[in-house]
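Student: I have a chain open on my screen and would like to go through some of its parts with you. Could we start with the strands and see where that takes us?

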Amino acid sequence: ALAGAMGRKRSTYYATVLAEVNDKLRLFRHGKYAKSINLDVVNNVSLGDIARAINELFSFYVDKAKAMDAYAVGLFQIFTFVRKQHGLRNKSLVLYGEKRTGKTTIALVIGEDMLDLPHGTYYKTASILFSPARLGRSLQHGLVVLFDEGRNIVLNLTAADAFKNAVNDVKVYETAVAGVRDIANVYPAYSGMIITTQIFTTDDPGVQDRIYAILFTRNEVITPDKEEKFRQWRAGNKHLLYAFGMLYIKTAIDEWDKVRDIVLQPDFVKAARDYFAYVLGKLGLKAEYPEEEETTVWEEYIEESVIDKFKATAYTAVKEASMLLKDLSRLDESSLTMDNIIRLAIDRDLLSPWGIKKVGGDRVRIYSEFVKKARINSLKNLYEHLVARFGDGDIEYRQRCVHGYPCIEMGINTFVDIIISNNEDAREGGNEDE
């Protein structure tokens, strides 16, 4: 999805889609709210000034690599429709984490500063995701749409079906029953999507495959002492952020022969990162992204088996949650036992992004999100290994849990014991602190 930048319409329409069809570039204008732009702004601003602004932007973030990842994948949402024209799969960007971690700010810098999209067209409440009709109507008018700040987004079957169409299909079908397409109510799906939420939960593997989720915590973003300075900086540099957005678009148009193979890579996230790095390279800047696999010392001592992957991944989830719990509960050092951390994390629903949720008074369910995190073949496979190791007295495989999807259910005590056993394994490996 790119600006109309060829021929007489060069500076007229913003919401334009660029696709290569039959080895030729063709432009598709869409949306009655098409926004006027001026790609020539790039020629009126020095690349040095743009480079300085982008360098300063990322200097505000504690975790520069994670922030750069978010901007790279967020901006790349404008290529969603281009990639659909070539039959490629896409991913929507989900920024999740607790309040005041800068998720919405990143999305607004992308959409309103860099791309100059009208607020009313770009910004939507997250509740729209639950309605196929409202979702479909929201995706007709722009390059990318922001669905902002859902406390806990849980997509039901009907909403999940529409969401999957929106990400990889050229149309969204309004459905009364999930899986049944109502051809009388069809909406064109032009826009990419950015979603901000505290928790994003889905039991649909197809939805999981269509999102790229980045977790933000307070120790990774703009620190409170810099928030006001960042607001002032942003207000004073909007013209340079806009120039960068236009450079991002103009580069694809002017250098399509060079960047085509980058933009049209099968892997959406890799394409986003590589193209962002290409544009930064024009400014003399280097892209930095998080390591693909963040490992800790204790991982060196666990065997490559399904059970070990289960324990390692669950332990990592608990470890992330413990950072939030220390702030939330102001726990003293003596309270930070592994047993307390696991139970508090479950009670406060901080493991939901990992597919681990508390049900009833003393039970825990593990959903399919966890399988993806742990790189296990299936929930059934995990269940069989758990039963083989720990017996089936307190571990149950349920074919139909929330929205008809399967889960593994066990008592909290059993769950805690398994994770603590992993911690004991780590101590035996010589890493007692971990």
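Student: Which residue in β11 is the bridge partner of Lys357?

Tutor: In this predicted model, Lys357 is partnered with Arg365 of β11. The two strands involved, β10 (residues 356–359) and β11 (residues 363–366), run antiparallel and are joined by 4 bridges.

Student: And how many residues sit between β10 and β11?

Tutor: There are 3 residues between the two strands, which form a hairpin, and in the turn Gly360 has a positive phi of about 65°.

Student: OK, so what is the order of the strands in the open sheet?

Tutor: The open sheet has 4 strands in the order β10-β11-β13-β12, with antiparallel pairing. The edge strands are β10 and β12 (395–398), each of which pairs on one side only, and the twist from one strand to the next averages 25°.

Student: Which helix packs on the sheet?

Tutor: That is helix α16 (residues 379–390), which touches β11, β12 and β13 and whose direction makes about 160° with that of β12.

Student: Switching to helices: at what angle do α9 and α10 pack?

Tutor: Helix α9 (residues 224–236) and helix α10 (residues 238–254) pack at about 65°, with their axes 5 Å apart, which means that α9 is roughly perpendicular to α10. From α9 the contact is made by Trp233, Arg234, Ala235 and Gly236, and from α10 by Lys238, His239 and Leu241.

Student: How do those residues divide into nonpolar, polar and charged?

Tutor: The residues of the contact between α9 and α10 comprise 3 nonpolar, 2 polar and 2 charged.

Student: One more, on Arg83: buried or exposed?

Tutor: Arg83 counts as buried, because its relative accessibility is 0%, where the cut-off for buried is under 20%. Arg83 lies in helix α3 (residues 80–85).

Student: And what does Arg83 touch, leaving out residues up to four places away in sequence?

Tutor: Among the residues Arg83 touches are Phe76, Leu88, Arg89 and Asn90, and also Val263, Leu264, Gln265, Pro266, Asp267 and Phe268. As for Pro266, which is 183 residues from Arg83 along the chain, the C-alpha atoms of these two residues are separated by 9.0 Å.

Definitions and conventions
Residues numbered from 1 in each chain as written. Predicted model: local features only at pLDDT ≥ 70, side-chain atom pairs only at ≥ 80, totals over all residues. Heavy atoms only, no water. Axes fitted to C-alpha atoms, helices over the stretch in contact; angles between N-to-C directions. Parallel < 35°, antiparallel > 145°, perpendicular 65-115°, else oblique. Contact = heavy atoms within 4.5 Å. Nonpolar A, V, L, I, M, F, W, Y, C, P; charged D, E, K, R; others polar. Buried < 20%, exposed > 50% of the residue type's maximum accessible area, 1.4 Å probe, protein only. Pairing = 2+ DSSP bridges.
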